[in-house]
Amino acid sequence: TVILVGDSAGGNLAMGVTLRALHTRIRMPNGILLGYPALNLSLTAFTPSLLISLDDYLLRFNVLLTCINSYVKDGDVHTDPYLSPALISNEDLLKFPPIRFIISGRDPLRDQSYNLLNRLVKLGKDSFLKEYRQFPHGIW
């Protein structure tokens, strides 16, 4: 049994590795556990929880920008699903294993998980989300 686990940027990587496994036809994981994942690196894709970064003690907006600029050297976060897993097509998501989310209520990235969960539910995929409302980004 293979379960991919990643928090924050690691959640982004877990989704990207699963997508790569799918596209290269190598063994897929049996499941994915994402902790407050960074699913959309395009900060122009506004979600209300992103406003938390304006006054967050851990993940301020300037820290988000620094992380993204350090992580992305080549590629386009607006079109590349390997960089922004929120862009993974429904066709590909249908082939993904079960996904579990653990998220924080006071996290600038919170809404990204809800958006992906909504898509997974609409596709009939095995998925579940647990939110710890009073916690900030990085609760693990």
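Reader: What makes strand 3 largely enclosed by the rest of the structure?

Author: In this predicted model, six of the eight residues of strand 3 are buried, so the strand is largely enclosed by the rest of the structure. Buried here means under 20% relative accessible area.

Reader: How do you know that strand 3 pairs with strand 2, and which way do they run?

Author: Pairing needs at least two bridges. Four bridges join strand 2 to strand 3, and the two run parallel; the count therefore meets the definition of a pair. Within strand 3, Phe101 stands opposite Leu34.

Reader: How many bridges join strand 3 to strand 4?

Author: Seven, again against a requirement of at least two, so strands 3 and 4 also count as paired. Strand 4 covers residues 127–136 and runs parallel to strand 3. Leu129 in strand 4 is opposite Phe101.

Reader: Why is the unit of strand 3, helix 4 and strand 4 called right-handed?

Author: With the strands pointing away from the viewer, the path from strand 3 over helix 4 to strand 4 runs clockwise, which means that this β-α-β unit is right-handed.

Reader: Which residues touch the most other members of the largest nonpolar core?

Author: Met15, Phe96, Ile99 and Phe101, out of 17 residues. Helix 1 (9–24), strand 2 (31–35), strand 3 (99–106) and helix 4 (110–122) each give two or more residues to this core. Helix 1 gives the most, with four.

Reader: What is Met15 in contact with, leaving aside its neighbours within four places in sequence?

Author: Contact requires heavy atoms within 4.5 Å. The partners of Met15 include Ile32, Leu34, Phe96, Ile99 and Leu116. Apart from this core lies another, of ten residues, among them Leu41 and Ile68.

Key: Residues numbered from 1 in each chain as written. Predicted model: local features only at pLDDT ≥ 70, side-chain atom pairs only at ≥ 80, totals over all residues. Heavy atoms only, no water. Core = buried A, V, L, I, M, F, W, Y, C linked by side-chain atoms within 4.5 Å. Buried < 20%, exposed > 50% of the residue type's maximum accessible area, 1.4 Å probe, protein only.
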